[in-house]
Amino acid sequence: QLSCLVKLVTLHGIPKDLDSYPKDLLLYLSPSDYAATGSCRQYFANIGRANLDVLQRESSQRKQLLLEALACLKISSTQVNKSNAEILGRLVCDLGGEYIRSSGGNLLKQLSQCDSFLPDQEEAIRAVISSGNTTFGAPAAWSAFTLNELSGLIPVFDDSILQKIPK
């Protein structure tokens, strides 16, 4: 349905008010299509708020979006800063474990919105959480607010993390 809608919307060229359309629609456009209405940073900020699960995980289209986002944001290493993590939004769900480890706690807030993780992502999340070197601090210092912020990551926590969280 979305791909058909994109064809209708773009029948007479890319509309100037593209930002007012549903974010999921943008998944079927390329950054070059969007360029006439805004920057690639704006495009990927909108994509980061879209429901990426509309595209199958590991699909070539979803992988391409991530590659183009990393290029647009000039992320050449596996380290992602907080501001780029916010722009990437749900695209961080497709970053490998090496990105999660290198970025420390910068990705945790966005990762907590992901529906599922690959094994290497889970290991990396546990390593980052266990280190305590995040804005959330060590699990032993967490509050109910912290758990609420990281609620999407709780299924990834193992016993060594869960036992440190105050009751």
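Helix α3 (residues 40–48) and helix α4 (residues 60–72) have axes that come within 10 Å and cross at roughly 135 degrees. That makes α3 oblique to α4, since angles under 35 degrees count as roughly parallel, over 145 as roughly antiparallel, 65 to 115 as roughly perpendicular and the rest as oblique. This is a predicted model, in which local features need pLDDT of at least 70 and side-chain atom pairs count only at pLDDT 80 or more, while totals for chains, interfaces and linings use all residues. Residues are numbered from 1 along each chain as its sequence is written, and side-chain values use heavy atoms, with hydrogens and water left out.

- In contact (heavy atoms within 4.5 Å) are Cys40, Arg41, Tyr43, Phe44 and Ile47 of α3 with Leu65, Glu68, Ala69 and Cys72 of α4.
- By class, this contact of α3 with α4 has 7 nonpolar, no polar and 2 charged residues.

**Disulfide Cys40–Cys72**
- Cys40 and Cys72 form a disulfide (cysteine sulfur atoms within 2.5 Å), with their sulfur atoms 2.0 Å apart.
- Because Cys40 lies in helix α3 and Cys72 in helix α4, the pair ties together parts that are 32 residues apart in sequence.
- The link of Cys40 and Cys72 is right-handed, with 90 degrees about the S-S bond.
- Cys40 is partly exposed at 31% relative accessible area, whereas Cys72 is buried at 12%; buried means under 20%, exposed over 50%, and partly exposed in between (1.4 Å probe, protein chains only).

**Disulfide Cys93–Cys114**
- The sulfur atoms of Cys93 and Cys114 are 1.9 Å apart in a disulfide.
- The link of Cys93 and Cys114 is left-handed, with -95 degrees about the S-S bond.
- Cys93 and Cys114 are both buried.

Definitions and conventions:
Axes are lines fitted to C-alpha atoms, for helices over the stretch in contact, and angles run from 0 to 180 degrees between N-to-C directions. Helices (H or I, at least four residues) and strands (E, at least two) are DSSP runs, numbered from the N terminus. Ala, Val, Leu, Ile, Met, Phe, Trp, Tyr, Cys and Pro count as nonpolar, Asp, Glu, Lys and Arg as charged, and the others, Gly among them, as polar.
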